[in-house]
Amino acid sequence: MDLFPLWLSLQVSIVATAITLVLGVPVAWAFGRRRFPGRDLLAALVITPLVLPPTVLGYYLLVLVGTRGPIGRVLDAVGIELAFTWRGAVLAACVASIPLLIRAAQAGFEAVDPRLEAAARTLGRSEWSVFWSITLPLAWRAVMAGAVLAFCRAFGDFGITLMVAGSIPGRTQTLPLAIYDHVQANQMPEANTLALLAAGLVVVLLLGLGRFVRLRY
Amino acid sequence: MLSVALTKRLPGFTLDVHWDAPDMVTGLFGPSGSGKTLTLDCLAGLVRPDAGRIVIGDRVLFDAAAGIDVVSRARRLGYVFQGYALFPHLTVADNVAYGLRELPRVERRRRAAEVLARLGLSGLAQRRPAELSGGERQRVALGRALAPEPALLLLDEPFSALDLPLRRALRDDLVGVLREWGTAAVVVTHDFTEAYRLADRIVVYDGGRVVQSAPRSELLWQPASESVARIMGIPNLLQGTVIKATPDRIQLRWRGQTLEAVNSPTRSYLPPPGAPLAFFVRPEYVRLVRKDRMVADLGHHMNLMRGQVVNDEDFGTTWTLRIRLDEPGPPAQGAWDLEVEVPHLVYEILEIERDRHWEFSIHRGSIHVLPA
Amino acid sequence: MWVVKTALVCVVLLGVALASPAPGAAPPTLTVFAAADLAFAFRELVPRFEQAAGVKVIVVLGSTGNLAKQVEHGAPADVFFAANQTFIDELLAKGVLIEETRTLYAQGRIVLATARVAGPKLTALSQLLEPRVRRVAIANPAHAPYGRAAEEALRASGVWDAVKPKLVYGENIRHALQFVESGAAEAGIVALSVANVPAIEWVAIDAALHARLDQAVAVVRRSARPELGVAFIQFVNGPEGRAVMKRYGFLLPGEV
């Protein structure tokens with residue numbers, strides 16, 4: 001049986017989670033620990049991808065990054081293919097999972113006692129150092145919880161990926177798309193195998209990760 | 001040493017203070033919410049005042065007019081927060097070493113170990129704050145603030161989180177530490193005994209303003225006004241009426257008695273007859289007249305009065321008696337007129353438990369008048 | 001210490017991410033975007049073409065509406081088989097397809113389908129009114145041509161109002177067929193081309209009850225090798241291809 005969709009999904013979701021973390025943690029920090037005009041509105045807007053039907057969201061993304069879209073045209077000129085490639089699947093996964101990460105991490109950042117940060121400042125640390133040595137470690141549990149959620153959501157994305165990357169076998173057909181394809185073609189044994197593999201893999205991954213990167217404090 | 005002038009406007013509260021501290025330890029004393037912690041935050045650079053000037057030694061940390069605002073991490077101050085604000089995810093050793101980043105690793109470890117040893121914390125170096133007792137946490141907070149050798153130490157209610165016996169013990173410890181390290185300090189407290197014990201000079205806060213700034217003994221004996229006396233929680237704060245006032249003496253009427261007090265140190269307070277006058281008498285300066293002596297020698301016993309002990313409380317080494325005068329009319333302080341403090345020994349010898357009727361006197365120098 | 005551990009984990013994960021078979025590294029192929037109803041027909045046809053032409057073919061199936069949008073926005077399709085010619089014509093108007101390659105490949109037929117083993121035995125649309133038929137599955141008329149045809153047929157038979165409350169919409173006809181196969185719906189109206197499976201019994205629906213489902217195909221302008229697409233279309237409409245297509249219910253106008 002062709003296991004390409006499994007590897008593809010792993011690849012896509014790992015890369016997508018990494019990007020989501022890099023983009024999402026600073027945003028979550030800003031929402032959680034800084035006050036600025038429009039903050040509450042922005043924080044609420046971040047949640048909207050969760051509310052839209054995935055294929056619709058995927059369609060909007062496609063309009064943006066497809067060959068006719070503003071972003072897509074620029075990328076085309078530079079020779080970068082985004083839509084209908086695994087990168088498109090990564091984009092879809094990021095869009096799907098970033099709201100989850102931001103909300104989870106934001107709660108963690110909000111809970112950090114500001115006086116601990118104040119103490120760190122009086123002890124001679126720069127803002128950057130305060131973030132890395134105090135704020136992030138104390139919000140670590142929430143950030144990790146958000147990352148786990150993000151990974152699972154990225155792994156299991158269907159609708160957005162379907163539109164932005166397409167379900168091209170051997171190229172962009174991720175595991176969820178492959179399972180769906182098998183089900184539609186009434187190939188239940190294949191579908192079930194893939195589904196079991198997906199669930200099993202994710203469980204093993206998360207258990208292993210949890211053990212290895214033990215949560216300090 | 002330290003010169004502070006601050007103005008900060010917050011919704012519902014305005015801080016507007018100005019005081020100088022030539023001494024080593026300055027206490028900021030006053031009721032909760034009077035702006036003491038806010039002052040410390042401004043000193044530390046955590047809050048930006050609207051106007052003012054902060055100078056430590058020869059370093060200008062803040063000057064609104066000149067546009068100077070040294071950032072918090074460059075001020076080199078140590079801050080012991082109320083509740084200590086220890087980093088829960090770091091060990092004791094890491095907490096103490098936190099401010100020593102700029103030192104090379106070896107030097108950092110050495111210094112942290114030294115600080116821990118001086119504060120008696122060496123055995124706890126690898127523990128987390130959650131595993132420590134209140135007293136231990138307080139010492140870690142101190143060590144963390146002192147390790148970088150700051151120019152000034154700020155302490156916010158350093159003992160409020162502890163129980164009474166521990167408080168006393170640590171208070172004495174702190175006095176020793178401050179003296180030994182030779183670091184100047186500003187201590188915030190709402191407990192007068194604490195302020196008196198720790199600080200050389202006390203600045204009294206009330207409602208965002210300074211109502212008195214004086215060396216501690218001066219504050220104790222000469223509160224600037226009745227409201228300061230009230231903030232200090234002085235017992236026997238009483239109201240009388242002036243009979244006659246001269247630069248040396250003031251004669252006043254109180255509860256049917258004619259009392260004579262020395263005038264205030266300035267000798268310039270001359271209220272007219274009939275004017276109301278606030279005064280206080282320290283409980284330990286009321287003398288009970290022994291009954292085995294003959295009738296009072298008036299030269300010896302001034303301001304002689306007579307009354308009954310209506311209430312007494314055992315404080316271990318002393319007894320506090322509450323005396324109601326043999327005068328008609330409502331007593332001055334609820335159910336009694338005067339609070340008197342006698343050492344345990346005196347209580348027993350005079351058999352006060354059994355014998356409740358007493359004559360007592362107050363030396364005119366022990367009646368402190370409070371200018372309006 | 002924990003820094004080392006986290007770094008190690010990151011390295012391992014990145015290694016997995018980067019070391020896996022690079023997707024899309026396969027040699028140039030013919031990518032065929034095809035409407036869902038062509039699933040079975042193409043499963044037989046495509047390997048034959050691959051052998052005959054010596055070309056690897058990737059078939060991407062989906063609902064015509066979705067596929068059309070994707071082709072419009074740059075999907076790597078070489079040729080697009082739509083379930084309804086209007087989608088082809090729209091894309092032609094937008095310049096996405098090559099005009100000269102537009103061809104009819106079938107006229108769609110719809111059937112009334114039931115599960116062979118457990119389902120009710122139905123022979124006419126009017127029987128859908130019966131109480132033993134609780135749910136009827138069709139493809140979504142909003143974007144699936146066969147769904148629209150199903151609606152038209154129901155309306156023309158005068159049972160639309162009564163049957164509408166029982167309708168269950170599938171994303172496409174494969175989806176609708178699934179409802180029937182699994183027993184979620186007692187009956188369904190799907191394309192003849194997907195109904196020819198052992199588990200399904202079907203009865204033809206009069207073609208006059210709905211607008212003609214002219215199914216057209218065209219080569220995509222962006223295709224790197226349009227001649228391959230043309231070759232495939234010719235194969236499908238050629239003698240070998242037509243035999244297979246007929247077997248799966250895809251008849252050209254005039255064919256029997």
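**Close-up views of a predicted three-chain model**

**View 1. Contacts between the chains.** Among the two pairs of chains that touch, the most contacts are between chains A and C, where two residues are in contact if their C-beta atoms, placed from the backbone, lie within 7 Å. No contact joins chain B and chain C, and their closest C-alpha atoms lie 13 Å apart. This is a predicted model, in which local features need pLDDT of at least 70 and side-chain atom pairs count only at pLDDT 80 or more, whereas totals for chains, interfaces and linings use all residues. Residues are numbered from 1 along each chain as its sequence is written, while chains are lettered from A and ligands numbered from 1 in the order in which they are written.

**View 2. The contact of chain A with chain B.** Chain A brings 15 residues to this contact, and chain B brings 15 residues. On the side of chain A that touches chain B, the elements that give two or more residues are helix H7 (114–122) and helix H8 (127–156) of chain A; helices (H or I, at least four residues) and strands (E, at least two) are DSSP runs, numbered from the N terminus. H7(A) gives the most to this side, with six residues. The residues of the side of chain A that touches chain B comprise eight nonpolar, three polar and four charged, with Ala, Val, Leu, Ile, Met, Phe, Trp, Tyr, Cys and Pro counted as nonpolar, Asp, Glu, Lys and Arg as charged, and the others, Gly among them, as polar.

**View 3. The bend in H8(A).** Chain A has eleven helices and zero strands, and H8(A) bends by about 60° at Trp140(A), the bend being the angle between axes fitted to the seven residues ending there and the seven starting there. Although H8(A) has 30 residues, its end C-alpha atoms are only 37 Å apart, short of the 44 Å that a straight helix would reach at 1.5 Å a residue; the expected span is 1.5 Å times one less than the number of residues.

**View 4. The largest nonpolar core and Leu154(B).** The largest nonpolar core has 237 residues, and those with the most contacts inside it are Leu154(B), Phe80(C), Ile110(C) and Val190(C). Helix H6 (residues 86–110) of chain A gives the most to this core, with 16 residues. Such a core is a set of buried Ala, Val, Leu, Ile, Met, Phe, Trp, Tyr and Cys residues joined through C-beta atoms within 7 Å, and a residue is buried if 20 or more other C-beta atoms, placed from the backbone, lie within 10 Å of its own. Leaving aside its neighbours within four places in sequence, Leu154(B) is in contact with residues including Leu40(B), Leu43(B), Leu77(B) and Val186(B).

**View 5. The two domains of chain C.** Chain C is divided into domain 1 (30–107 + 212–247) and domain 2 (110–204), with bounds that come from an automatic or database domain assignment. The C-alpha centres of these domains lie 26 Å apart, and 13 residues of domain 1 of chain C are in contact with 13 residues of domain 2 of chain C. Within domain 1, helix H2 (39–53) and helix H3 (64–72) of chain C are the elements that give two or more residues to the side that touches domain 2, and H2(C) gives the most, with three residues. The residues of this side divide into seven nonpolar, five polar and one charged.

Conventions
Buried ≥ 20, exposed ≤ 12 C-beta atoms within 10 Å, placed from the backbone.
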